[in-house]
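Visitor: I'm new to this one. Can you put it on screen and walk me through a few spots?

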Amino acid sequence: MTGEGLEGRLRRLPDGWDVGRLGDLPTAQVIGYGVTRPGAHTETGVPMIRAADIQDGRLRGDEPRRIEPRVHEANRRSWLEIGDVVVVLVGRVGEAAVVQTEFQHWNASRTVAVIRTREPDEAAWLNLWLGSPAVRAWCERQATGSTLQRTLSVTALRKLPVPIPPAGLRAQLLRAVRLLEEKAATNARITECAMKLSEAHFVREASDGTPWPERPLASLVHLTAGKPPPKPDDEGALAEPGTAFVAPADILQSKSPHLYATERRLPSGKEGRVCAPGSLLVASREDGVRAVMNHVPAAVGRNVLALEPESVCDAYWLLHEVCSRGAELVATAQGSAGRELSRKAFAAITVRWPPQEVRERFARLAGHLHERARIAESESEKLRDLRGRLLDRFLSGAFPKRPPIDDQGAQPGDRPKQRV
């Protein structure tokens, strides 16, 4: 549906289809948004899904925000059940995922809407529909607020038009989509394993007992604090061509420790200081600091710190150093949500600094593992594109149909079976 509005696409649906509003569907109920006052993160509390935990049509539960059991009990309405569809209401509005077994009876935050469905295929169809570019664009048009904090109301979400195809045709499409998702899940597992192996090698190198000297971070990198973006009236948001603009969400919501692109770009002359590829970009929230290695020239926004090491091997070592100490380094941030990183406090951090040959040895190994993860992520991006193309063909009535099968189980074009 690239280049075409949602309404135009729905006017050209095949015969036999219907269209309904999300809030009026008989097989789905919009429960609403989640916990409005979660309180402070509690390490032993009940996990809660946030907008940042919904990415690429899937839920991520590796670093959940946890709330007090009493808060969880007071918000039973937003307890998650298997098959629920959760939708981002703040930030990347409209992005959605289906709740799987491991997330049952977690809670949801105020930044997430919960849709309860009666059947698995209904959940899968809504998730696929919400993931389409035309629907994401529709959600953006309905959203309010600043560019960096777009908010979609539950009232607007209930008005989302949803195509209702014949059940048999829908089942065929969803079978094909499930195959793509299974492959994408395998790629996600490859990425996860590669990163864990890299982390394990770092721990082994860093804890071998050698009395390495300690160095303040300021002596190892050029450290820059980000600034707010230009005002909307002269910013040229999403300008093409332009320089990538990195907000805290780009780092905190990244599924990998590498950043290759951002949704937002700034036009030339408006970007201010630009960080070179190979920089480390750092952001924080109350449960920890996160870092990514940048691979494109980028301008960094408020509450983002840019660390520019002298070499690639230094960058890999410091990337793992920061990631391994994420919970500790949040002390360098200010504010109740732990998001305002202090350049001065971060610069004063000390790290154990091994000899050049140790850093180079680790960088060679880590580089291979990170590259394997990048290949898996690239393949998953192509699978997401293919999923979108399948949906386009389905909505136009051109989705491949299975040819008829004769009484012998043969399809047209099959070679006749030889008698033995």
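Visitor: At what angle do the axes of helix 8 and helix 11 cross?
Guide: They cross at roughly 75° and come within 8 Å. Axes are lines fitted to C-alpha atoms, for helices over the stretch in contact, and angles run from 0 to 180 degrees between N-to-C directions. So helix 8 is roughly perpendicular to helix 11, a label for angles of 65 to 115 degrees. This is a predicted model: local features need pLDDT of at least 70, side-chain atom pairs count only at pLDDT 80 or more, and totals for chains, interfaces and linings use all residues. Residues are numbered from 1 along each chain as its sequence is written, and side-chain values use heavy atoms, with hydrogens and water left out.

Visitor: Which residues make the contact?
Guide: On helix 8, they include Asp314, Tyr316 and Leu319. On helix 11, Arg359, Phe362 and His370 are among them. Contact means heavy atoms within 4.5 Å. Helices here are DSSP runs (H or I, at least four residues), and strands are runs of E, at least two, all numbered from the N terminus.

Visitor: Is Asp314 buried or exposed?
Guide: Asp314 is buried, with a relative accessible area of 6%. Buried means under 20% relative accessible area, exposed over 50%, and partly exposed in between (1.4 Å probe, protein chains only).

Visitor: What does its side chain make a polar contact with?
Guide: The side chain of Arg359, at 2.7 Å. A polar contact is a pair of N or O atoms within 3.5 Å; within protein, one must be able to donate a hydrogen and the other to accept it, and residues adjacent in sequence count only if both atoms are side-chain atoms. Leaving aside residues up to four places away in sequence, Asp314 touches Pro309, Trp353 and Arg359.

Visitor: And His370, what is its side chain joined to?
Guide: A polar contact of 3.3 Å joins it to the side chain of Ser198. His370 is buried too, at 3% relative accessible area. Beyond four places in sequence, its neighbours in contact include Met195, Pro257 and His258.

Visitor: New topic. How many residues of helix 3 are buried?
Guide: Eight of its eleven, so helix 3 (residues 120–130) is mostly covered. Trp125 and Trp129 are among the buried ones.

Visitor: How many helices and strands are in the protein chain?
Guide: Eleven helices and 23 strands. Of the chain's 420 residues, 47% count as buried.

Notes: Angles under 35 degrees count as roughly parallel, over 145 as roughly antiparallel, 65 to 115 as roughly perpendicular and the rest as oblique.
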